[in-house]
Amino acid sequence: MTPTTEAETGAVAAAAVDDRPMTHRQVMEALSGLLLGLFVAVLSSTVVSNALPHILTDLHGGQSAYTWVITATLLTLTASTPIWGKLSDLASKKLLLQIALVIYIGSSALAGLAQNTGELIACRALQGIGAGGVTALAQICLAAMVPPRERGRYSGYFGAVFALATIGGPLIGGVIVDTPWLGWRWCFYVGIPFAIAAILVVQRTLKLPVVRRKVKIDYLGALTITAAVSLLMIWITLAGKNYDWLSWQTAAMVGGGLLLGALAVVVERRAAEPIIPPDLFRYRTVSLAALASVLVGVGMYGATTFLSQYFQLARAKSPTMAGLMTLPMILGLAVASTVAGRLITKYGKWKAYLVAGTLMLAVGFGLLGTARADTDYTLLSVYMAITGVGLGLTMQNLVLAVQNTVPRHELGAASSVVTFFRTMGGAMGVSALGALMNDKVTHYLAENLAAAHIPAGHGTGGGIPDLHKLPAPVVPLVTDAFGHGVGMVFLFAAPFALLAFVTVLFIRETVLKTSQV
């Protein structure tokens, strides 16, 4: 027998340590790096929200560009999330997380240098790949560190950080835009130091066993899935403006999108390592959670995207004030997520929070659908708080329900499936609701101008308006049109949340596991 060397003994000992359950202190130390990375990923979207009207005014972009700056990130985040999830089942989760953060850093630097809307949208698409890796891998790493029963309280921290980034992002973006010596480009540079810090913290604290086996990436599956979603999103964005909803272009794009979707299913069934393993859907909870995630994503991303436009263009607030005025929604999300996480850990029950959350989301969106330019802010605060609580009770717990259902070796793919469908719904929602808002604002503004006997399009230029440069008589007509238009966006988002409520009613609750098996 060959004698065991000192190096081999050390390797065996290290492996044994890696397989031991992590202590609470070790989990919290590792969690600090994951949460910092998550903060960066969420910040990449929220820091731009209040700045976008100013950015697109400077780059001469219109409502379509506004939608696509957000949609491009969601699209690549959607397409890349399953790939990151599959890779995490095959390779080092820590290394993948650090690579995702490096992609974020590079794309953020490039976005800050953009000279036109096309360049900005392309950089945002690249940013979505990095953000997709960070959001998916943070959840996957947590699942690998602690069993489902203990995961609730830690998931609460994720919700709180999500809320903090959502609060801080618009405020940071607003302050940057309102500070003349900084300028909007710093909205993209500001997250870079956080990303670098996250890489260093993760390197020092995150220690997970590495699965070493040959990696097979389903590139054809990724291509067909991305193509199907992209074609349908392009159709939604352009329909009603570049061509009629009922036209040969619609037939071609919808038919093509559905055909590509069917092709993706065939490809995934035959792939050795599918991006979205069809076998996952043999679990009833996974199938229902995926459907609920699409519906929640439509409302979560689609409706909340336009809050900044409401406060800036319907109520004539500065970017900084627009961020402050969304606090009721974000505080509701943070409190609900944290409290629910602790209660789930204590009692091991999670379905009631999903049911209550989706119902409150539907109610919140319905109430926000009554918003107009002159709606009392106290009422708006209540409506936003209800919506925030609904989101806080729903987002993390859909992931938790799925993670509790599948075996450990499928955690990465299963976790990313929920995120994939949520962001896919969000991407489709932003495109559809953005097109709806553009149509409604144009309609209401035309009505207002006609009633005031002002020539159509006078002073608005067809793009994102700068209220400070419009003629005084036109300003109230524009703010009224945007207030009514955004209200309609929330009203159309409400039924999707209601369908999510019906869907989660059929999810069968199982007691949370107390081990990683």
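Mentor: A contact means heavy atoms within 4.5 Å. In this predicted model, local features need pLDDT of at least 70 and side-chain atom pairs count only at pLDDT 80 or more, while totals for chains, interfaces and linings use all residues. Residues are numbered from 1 along each chain as its sequence is written, and side-chain values use heavy atoms, with hydrogens and water left out.

Trainee: What share of the contacts with a separation of 6 or more joins residues 24 or more positions apart?

Mentor: Such residues account for 83% of those contacts in the protein.

Trainee: Why is the pair of Tyr 310 and Phe 311 called edge-to-face?

Mentor: Rings of Phe, Tyr and Trp (its six-membered ring) pair if their centres lie within 6.5 Å; planes under 30 degrees apart count as stacked, over 60 as edge-to-face and the rest as tilted. Here the centres are 5.1 Å apart and the planes stand at 75 degrees, so the pair is edge-to-face. The structure holds eight aromatic pairs, and ring pairs also link Phe 281, Phe 420 and Phe 421 into a cluster.

Trainee: Are Tyr 310 and Phe 311 buried or exposed?

Mentor: Buried means under 20% relative accessible area, exposed over 50%, and partly exposed in between (1.4 Å probe, protein chains only). Tyr 310, at 2%, therefore counts as buried, and Phe 311, at 1%, is buried too.
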